[in-house]
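Subject: Structure for your review

Dear colleague,

Please find the sequence and the structure below. My notes on what was found follow directly after them.

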Amino acid sequence: MISTFAPGRVNLIGDHTDHTGGLVLPMAIHLGTTISGEREGGVVSLHSSIEPEPAVIPLDVDDPATLTPLWARYVAGVVAEQRPTIGFRGSVTTTLPVGAGLSSSAALEVALALALGFAGPPEALAHLTRRAEQRASGVPCGIMDQLTSAAGVAGHALRIDCTSLQITPVPLPEDLEVVVVDSGERRRLATSAYAERAAACQAAQAELGPLRSATLADVAGLDDPMIRQRARHVVTENVRVDQMAAALTAGDRSGMSEAMAASHASLRHDFAVSTPGLDDLVHRLIRLDGVIGARLTGAGFGGCVVAIVERNTPIPAGMTAWRVRPSAGAALVG
Ligand code: GLA
């Protein structure tokens with residue numbers, strides 16, 4: 001029997017920067033997905049504890065994005081990218097809320113690639129499963145989610161340079177906690193404006209070269225006001241990632257608070273991926289005693305808010321929240 005576990009992730013800061021090779025500061029979390037079973041037969045056949053229908057995928061599948069049930073697309077994306085020569089029969093269980101913005105799909109992909117026999121460094125696992133996600137969903141996502149799930153470090157967030165893929169673990173202060181709060185708004189990335197936002201960034205890069213090395217003065221020279229706004233978010237968000245990493249390292253509460261507030265405002269105004277529900281949740285959280293900072297996390301358009309709080313800060317009963325621990329990356333567990 002083979003058993004693998006891959007964590008979900010929450011991004012502390014640095015959203016919509018990975019697809020332009022920018023900086024991000026996510027952490028792998030203790031919630032995640034387990035796959036158990038045997039390598040055997042000529043298909044990948046998985047039952048899920050939270051899905052009514054199984055995923056049954058032939059090893060030569062080549063059209064992941066057209067399959068049903070929907071979750072089978074992610075299974076098929078991995079099979080199509082990995083091309084195992086032996087099938088797999090087993091089951092999937094997860095402690096992640098699905099579709100809430102904690103990378104449940106990345107956790108499924110990474111756990112499955114390991115179950116199918118992937119044996120290579122975390123960067124290669126992330127490349128493979130990112131391609132699987134793109135193939136399954138049609139969304140031109142960056143590498144943050146899959147790389148975080150593959151390369152998490154217990155007790156640390158990861159500062160990732162999405163150009164070089166260099167990872168610098170940033171310890172989370174012992175007296176702080178990360179809390180994820182669900183807005184309850186669900187919106188699948190594929191049906192959202194993710195691709196449109198990524199295309200606006202590409203348009204800016206066609207004029208300026210990599211946004212990673214662009215300055216605000218370069219961005220101010222862009223003609224199209226919408227492209228200018230999107231690019232400004234990326235350039236300023238890259239700077240905030242390093243401000244946040246420095247603030248966490250120093251235990252500097254006001255530095256964390258300012259970076260998170262500025263990130264949320266930029267995602268709302270310049271990148272236009274917030275919603276009234278997310279704005280309201282951030283607003284309510286930052287007024288609570290013990291909450292240091294809060295911002296939307298992940299792609300936006302619904303999903304979750306991440307907050308950094310003093311340890312044991314009570315969260316109001318009406319909020320659906322998870323206290324998440326920074327955890328190690330995916331592994332064979334049996
Ligand atoms: C989604 C994508 C990531 C990243 C975030 C936004 O989670 O899968 O690659 O772009 O949105 O930061």
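In the neighbouring text I use strand and helix labels, which are DSSP runs numbered from the N terminus (helices are H or I with at least four residues, strands are E with at least two).

Please note that this is a predicted model, in which local features need pLDDT of at least 70 and side-chain atom pairs count only at pLDDT 80 or more, while totals for chains, interfaces and linings use all residues. Residues are numbered from 1 along each chain as its sequence is written, and side-chain values use heavy atoms, with hydrogens and water left out.

The sheet

Arginine 295 stands opposite valine 306 in S10. Strand S9 and strand S10 (residues 304–310) run antiparallel and are joined by six bridges; two strands pair if DSSP finds at least two bridges between them. In the hairpin of these two strands, six residues lie between S9 and S10, and glycine 298 takes a positive phi near 90°.

S9 and S10 belong to an open sheet of four strands, in the order S9-S10-S8-S11, with antiparallel pairing. Its edge strands, each pairing on one side only, are S9 (291–297) and S11 (320–324). From one strand to the next, the twist averages 25°. Helix H8 (residues 253–269) packs on the sheet and touches S8 (176–182), S9 and S10; the direction of H8 makes about 25° with that of S9. Angles run from 0 to 180 degrees between N-to-C directions, and axes are lines fitted to C-alpha atoms, for helices over the stretch in contact.

Valine 180 is located in S8 and is buried, with a relative accessible area of 0%. Leaving aside neighbours within four places in sequence, valine 180 is in contact (heavy atoms within 4.5 Å) with Val10, Leu102, Cys304, Val305, Thr320, Ala321, Trp322 and Val324.

A pair of helices

Helix H3 (residues 122–137) packs with helix H4 (residues 144–151) at an angle of about 140°, and their axes are 8 Å apart. That angle makes H3 oblique to H4; under 35 degrees counts as roughly parallel, over 145 as roughly antiparallel, 65 to 115 as roughly perpendicular and the rest as oblique. On the H3 side, the contact is made by Pro122, Glu123, Leu125, Ala126, Thr129, Arg130 and Glu133, and on the H4 side by Gln146, Leu147, Ala150 and Ala151.

Two further residues

Threonine 66 lies in the loop between strand S4 (55–58) and helix H1 (71–82). This threonine 66 is exposed, with a relative accessible area of 54%. From C-alpha to C-alpha, threonine 66 and alanine 136 are 8.3 Å apart in space, and they are 70 residues apart in sequence.

Glutamine 205 is found in helix H5 (residues 194–208). At 15% relative accessibility, glutamine 205 counts as buried. Apart from neighbours within four places in sequence, glutamine 205 is in contact with Thr20, Pro210 and Leu211.

Yours sincerely

Key
Buried < 20%, exposed > 50% of the residue type's maximum accessible area, 1.4 Å probe, protein only.
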